[in-house]
Every structure is written in structure tokens, then in C-alpha cells.
Amino acid sequence: MATLTTDLKYGGAPEIVALPQTKLIEILHDRAASMFAKAKACQRLAVIGDGAAVEPLASLLTDAQLSHYARFGLEAIPGAQAAAVLEAALSKTSGPLLVGVTNSIGVRKDRNALGPLARLRSHPDAEVAKAAEAALARLRPPL
Amino acid sequence: MPDTKSRVTRRQILKSSLRGTALTAAPLFIPASALGLGGTVAPSDRVTLGGLGIGNRGATVLQAFLNQPDVQFLAICDVRDERREAIKSMAGQKYGNRGCAMYSEQEELWARKDIDAVLIATGDRWHTPLAIMTAKAGKDVYCEKPCSMTIAESRALADTFQRLGRVYQAGTQRRNGPNFMRAFDLVRSGKLGKLTTLHAELGPGERWAPLTSHAWLAAEKEPSKQVVDWNRWLGPAPWRPYHPDYIQGRWRGYFDFHGGGILEWGPHTVDLCQWVAGLDETAPVEFDPQGMGGLTPYSIACRYANGLRLVMRDKGFLGLGSCHIRWEGDAGWVETADSGRIAVSGNLRGQVADVAQEDARKSTANHVRNFVDSVKSRKQASSNALAAAQAHIACHAAHIAFQLGRKLTFDPAADLFVGDEEANRMRSRAMREPWRT
């Protein structure tokens, strides 16, 4: 039987995904928490997180290991607050992380980001430019 | 769904150029095989195929393709070197040469202009993004089930194939299974009367728990990229540390990679139920889960807008093999599964014969043939993208109801749960960069 990953303080996956939002946010703030615990917290916040989870998740968008997990949470949380932190991350990230943030804005169909996305179409990183084009295609109303 | 849009295919170009060659350059030597002589099929009539991620099930499907005289397998792409070599060897045994190309990155396979269609048999996490990107590369797709990880992926799949006019065949081969077709004909003949309840068998809970695990296996040393490209293996799924169990097929049961027993057999059996009821373009409006406390028995009672009931369950069938369906009408019932045996209500005895097991097992070969014919005719395959997407949406909605442990109301026209934000949030999952649909 293979060994499962656990966090010394927060335990295994079943324990972490059973935590309430306040505890999940505590994990995101805890510098000693493992990547595993933070990843599971982000995924659970995708389902139960509200405005209180947005900034803690946004703080991970620039983390190479956890940026996708942060988007996992933010992409699902409805409302302008999550949209705003994703849009702000367009100017704080680069390379693959910027591609990911752009993709998430496209999935959310955040029309407030039309201007920044349009500017990214001429980004020197071709993958970013393609992601911006794809996101804009999602944002445009169907013909 | 309308037929696929007409477009000039590689085979049409070959046909016209071969005609031209015969007229203007007749003295030149043209091999018999290139003209379709000597029992071979001319290149202009062959469907050329590539493979993405071919493991155990994929090899069974690939063998069915290799058995088609008008299919030529040209290339394999896999993140594992031993798989690439195994499939190259399989093709070599068939063709007597070493001509099958091997790639470790899918972009190389998509760049091949001489490949018409692609067999996708990776793990579930890759199915939708690869199918969509393959279609965008101008190729038709045969994709193993489950075809999607979420409701949102299912919708993107259907929309993309409709928009691009590519042929799509989901690996739900029972639509071309002789015993399931006989049961279908019995219903469509009216002998069961008006359909009242459909039953679809789900993956047994003791084998595939309906609730998947959020755990990670403890990290082990990652092999070199040449041996296993772990980053590509994960693809759009969330990163986690490497463990050999995953790449040896034991990725099932983990939330990031798998939909549990509901998504194991549901894409087959729920798909058959929607097919027989003429509900290929919709999904149920109500999902009521039962049995969340254990592995088995478990079930989800569903209802369509027209009042028809669908019961997804993992137990209580007649023991006719795997993947049972049971269709009940107000004048009788029929039940069948993979053994080929067909049970009916007393009033219908003698009206439908069993299918021999060896014939029941031909469903994959029949399904592959249906796909090849569709690639040539540009007509929709039997398990087309819309039908597959709708059956998967029904399964994902059932899985979400099961995870939340409560009855859900669903609007299939909008792919929205009514009055349940948590359920709606579970309709999609962010993909790991750089992947998107």
C-alpha cells in the first residue's frame, strides 16, 4: 500500500477538505504549511470560498508551484472581487503563469478585462498572445 | 446535429492526383498497392491514423483499427518511451516494417498533414483538451471514454466539433453492440409500450468508489523526461509529485484524474438510455443520490423534463455481464449486458434472441468501422460529440449530486443547476497552464 502525503499540522486530504473556510484561509497564510495542504485548501475554496478567500488566493497567483491551485479557487468564486484580482495579476505574472491567469479570465468571461486582454495580443511571448486571443474569443458575444 | 461540413480531405486530393497520374504519366511504374490492386486499398481510399496515449484499452481499439483494410496507422505519440516502442512494434507486426513514427509531444503528431484521424486513449484528464486541439489541427477524432472531466468540458467538446465540422466518435462502443441494438429495436418497435423507467448500471462501488479521493501518493523519484514526461502526463490536471502507481494505470480513484464509478460505466450505459429514449440532445432535470455512506450499493434517481425516469445504480441487475441496461415500458421490459444475453418480460418471450458472446464482443470492431465510414462519408458517427457530451453531462451532474449528498435540479438547456451555487461551481475546473479548451 503506497504512503499518502500528509501535512504535519493539518493532516491528510480528508481532514483538510473537511475544514471550514476560516481554517482553509489560515492554511494559505501559514508559512509553515506544506504545498500539499495549501493545494488542497485552494481546491476546497473553489467550492465553499467567498470574498474572504479572494485575497489569500490572489497572493498565490505569483507562486510558481501554487499559481494554478490559486486559479482553481479563484476561477470558481463568482463576483467582481475575484475578477479584479485576476485582472490585476495580468501585470504581476509572466510566462506560463500569465498564460494561466489569461486563460482563467477567459473562462470567467470577465468583460471588464477586454482592454488588458486586447493589449496582450501583441505581447512578445507568443504563448501569452495566443492565450489573450483565445480569451477574447470567449468574451466576444456569439454572432 | 447536422452532418459534418464538407471540406476537401487528404484522400480527395490523392484521388484526383492519382487520376491525373494515370492519364498523363501512364508509362511510369506505379506500385499495385498504390492503385488499390492485389487486394490492397488505394491510398486515396485509406484513412490514415495517429495515436495519442495508447495503453491497455487503447491497444484493443488500435487492434480493431489495424484490422480495417482501409486504415493505415502512421504514428504514435506518448509521454512514456516504453509505450511508444510497444505501439510501434504492434504496428510493425501488422505492416511488416518499422515505419510507424514515434513522438513524445502531441504537437509533432498534429503537424503531420498526412494523418486524417487520431485515436485518443490517454487518461481521462487529457481527453477533452486533446480532442479539441486535434480537431483544431484539422483531424477527426476517436476518443476513449470518459470523454470529459466536467460539464464545462463536455459542452466545449460538443460546440467545437459542431463548429469545426470534424467527425468525432466517443469510445462508447455499445451503441454498435449487437445485443444492445436488438434491445433498442425492441423498444423502437413499440413492443414495450411507452417508456417509463430506464436503468443504467454504474461502475461497481467496491471497484471504483463513487466518491473519489483528494489524496496524493507520497513523492518518489521522478524518472528522466525521456522515460516518462511527468509534466506532460499530468497535462491540464493539477500538479502533484510523481509516483509510479499513477503511470501504471492506478490513477483511477483520484479526484484530479477520475470521476469514480459513475464516470466509469455511466458514459456507456447512460448514453444508451438517452439514445433509446431519443434524448441525445438533453439531460435529466433532477438528480437524487442515495447510498452516499458507503461504497455500494449506490444510486442516483433522475427524471427528464418529459417525466421519464432514469435510475443510475451499481447493483440489482440480472447478472448478464458488465454494463447492464434495463428499459421498462408500460407493456414490458428488456435487460441486457456484455454477455450478449437479453432478458425480457414474460409477454415478450421469443420476440428477441440472445447474441452469441463472441458476436457481442464485436462492438468495438463495429464501432471503429462506423467511425472509419464516417470519416470517409463526412456523416456523423453513431457516438457523435453532442450525444457523447450530453450523456457525460448527465453523469457529471449525477456525480456532483453524489458529492454534495443532496438532490439537485438541473436546467439542461443552460447547463446550470437551479438554486445551488456550490453545485454550479463544480461544473468546471481550472486547467493547469498552459492548457485550455
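Modeller: Let's begin with the element names: helices and strands are DSSP runs, with helices at least four residues long and strands at least two, and they are numbered from the N terminus. Please also keep in mind that this is a predicted model.

Colleague: Thanks! Let me try that on one residue. Where is B:L202 found?

Modeller: B:L202 sits in the loop that runs between β7 (195–201) and α9 (230–234) of chain B.

Colleague: Is B:L202 buried or exposed?

Modeller: The cut-off for buried is under 20% relative accessible area. B:L202 has 0% relative accessibility, so this residue counts as buried. Beyond four places in sequence, its contacts include B:I262, B:W265, B:Y298, B:I300 and B:M312.

Colleague: Which residues does B:I300 touch?

Modeller: Leaving out residues up to four places away in sequence, B:I300 touches a list that includes B:L202, B:I262, B:F287, B:L310, B:M312, B:A398 and B:F402.

Colleague: Now for a polar case. Which side chain does the side chain of B:S383 contact?

Modeller: The side chain of B:S383 makes a polar contact with that of B:T172, at 2.8 Å. B:S383 is in the loop between α13 (363–377) and α14 of chain B, while B:T172 lies in the loop between β6 (168–170) and α8 (178–188) of chain B. B:S383 is buried, with a relative accessible area of 2%, and B:T172 is buried at 3%.

Colleague: How should I read a salt bridge?

Modeller: In general, side chains of opposite charge can pair when their charged atoms come close. The structure holds 35 salt bridges over all chains. In one of them, the side chains of B:E264 and B:K145 meet at 3.5 Å, N to O. B:E264 lies in helix α11 (residues 260–276) and B:K145 in the loop between β5 (140–143) and α7 (151–164), both of chain B, so the pair ties together parts that are 119 residues apart in sequence. Both B:E264 and B:K145 are buried.

Colleague: Which residues are linked in a network of salt bridges?

Modeller: That network links B:D70, B:R369, B:D373 and B:K376.

Colleague: Let's turn to where the chains meet. How many residues does the contact take from each chain?

Modeller: Chain A gives 33 residues and chain B gives 26 residues. The area buried between the two chains is about 2400 Å², and carbon and sulfur atoms give 58% of that area. On the side of chain A, A:V47, A:H68 and A:F72 lose the most area, together 21% of what that side buries.

Colleague: Which salt bridge does A:R71 form?

Modeller: A:R71 pairs with B:E433, and their closest N and O atoms are 2.6 Å apart. The count between chain A and chain B is one salt bridge, and there are 17 residue pairs in polar contact. The largest share of the side of chain A that touches chain B, nine residues, comes from α3(A). By class, that side has 21 nonpolar, seven polar and five charged residues.

Colleague: How many residues of helix α5 (residues 67–76) of chain A are buried?

Modeller: Ten of its ten residues are buried, including A:H68, A:R71 and A:F72. The buried residues of α5(A) pack against α3 (35–48), α4 (51–58), α6 (80–89) and α7 (95–108) of chain A, together with α15 (421–425) of chain B.

Definitions and conventions
Residues numbered from 1 in each chain as written. Chains lettered and ligands numbered in written order. Predicted model: local features only at pLDDT ≥ 70, side-chain atom pairs only at ≥ 80, totals over all residues. Heavy atoms only, no water. Contact = heavy atoms within 4.5 Å. Buried < 20%, exposed > 50% of the residue type's maximum accessible area, 1.4 Å probe, protein only. Buried area = accessible area lost by both parts, 1.4 Å probe. Salt bridge = Lys/Arg side-chain N within 4 Å of Asp/Glu carboxyl O. Polar contact = N/O pair within 3.5 Å; in protein donor to acceptor, adjacent residues only side chain to side chain. Nonpolar A, V, L, I, M, F, W, Y, C, P; charged D, E, K, R; others polar.
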